[in-house]
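Dear colleague,

I am handing over the structure we spoke about, and the notes below it say what was found. Please read them with the coordinates open beside you.

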Amino acid sequence: AWTGIPVDGVAHLALSLLTFGILVTTPLALAIAAPATARRRWNLLCWLQLPCAACVVLSSLLAPGAAAFVLSLPWLLFTLLVALCGSLRLVERGRGPLSEIAVDAGLVFLAVGGVWTVATRAGSPLLGFGEPWVALTAAHFHFAGLVLPVVTGCAARRLPGRHGALASVGVIIGV
């Protein structure tokens, strides 16, 4: 135990953080990232978030394995859909202010969190990492991957200029 906490305890804490990120911070980040255009597409995302999140919550009640993996798949599909919407948002807007690119990047980064979420629920190592690192990385991308770029981008909208642009670039590169 690298922290003095048994690995099972760290994995449990990581899964709790992941669940909090999926149920609380993800919908809040999506709400503030909502674009002025493409409302129909965005409303569909908001409608899909809760059922997909509920599947991950049910998955977290099970031991890692096949059943937990299958229950986490809707969340993976949801995060991929969010990433697609973030990519479309970038393409439709074209080159834009760095604040908006930060928001787009956060939406795309969420898919990385979805991949690591599925891996932790399957109980599979990913890129040579096992538990609790897989669960911690999944949680990380729901906070630092999604929330941080979205909040930074939204703040940079209010603070146009060099400081907002630098913060946006720093967060995108940092993640």
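In this predicted model, the axes of helix H2 (residues 39–60) and helix H3 (residues 66–93) come within 8 Å of each other and cross at roughly 155 degrees, where axes are lines fitted to C-alpha atoms, for helices over the stretch in contact, and angles run from 0 to 180 degrees between N-to-C directions. Because of that angle, H2 is roughly antiparallel to H3 (angles under 35 degrees count as roughly parallel, over 145 as roughly antiparallel, 65 to 115 as roughly perpendicular and the rest as oblique). The crossing of H2 past H3 is left-handed, a term that applies if the near helix is turned anticlockwise from the far one by less than a right angle, with right-handed used if it is clockwise. Residues on the H2 side of this contact (heavy atoms within 4.5 Å) include Trp 42, Leu 45, Leu 48, Cys 52 and Val 56, and those on the H3 side include Leu 71, Trp 75, Phe 78, Leu 81 and Cys 85. By class, the contact of H2 with H3 has 17 nonpolar, three polar and two charged residues, with Ala, Val, Leu, Ile, Met, Phe, Trp, Tyr, Cys and Pro counted as nonpolar, Asp, Glu, Lys and Arg as charged, and the others, Gly among them, as polar.

A second pair is formed by helix H4 (98–122) and helix H5 (133–158). H4 and H5 pack at an angle of about 170 degrees, with their axes 7 Å apart, which means that H4 is roughly antiparallel to H5. The contact of H4 with H5 has 18 nonpolar, ten polar and two charged residues.

Trp 133 lies in H5 and is partly exposed, with a relative accessible area of 39%; Trp 133 and Ala 11 are 122 residues apart in sequence, yet 7.9 Å apart in space from C-alpha to C-alpha. Leu 166, in helix H6 (residues 162–174), is exposed at 55% relative accessible area.

As for the chain as a whole, it has six helices and zero strands, where helices (H or I, at least four residues) and strands (E, at least two) are DSSP runs, numbered from the N terminus. With 175 residues, a compact globule would have a radius of gyration near 16 Å, and the protein chain has 16 Å, which agrees (taken over C-alpha atoms, with the globule rule being 2.2 Å times the number of residues to the power 0.38). Buried residues make up 42% of the 175 residues, and among contacts between residues at least 6 apart in sequence, 71% join residues at least 24 apart.

Residues are numbered from 1 along each chain as its sequence is written, and side-chain values use heavy atoms, with hydrogens and water left out. Because this is a predicted model, local features need pLDDT of at least 70 and side-chain atom pairs count only at pLDDT 80 or more, while totals for chains, interfaces and linings use all residues.

Best regards

Conventions. Buried means under 20% relative accessible area, exposed over 50%, partly exposed in between (1.4 Å probe, protein chains only).
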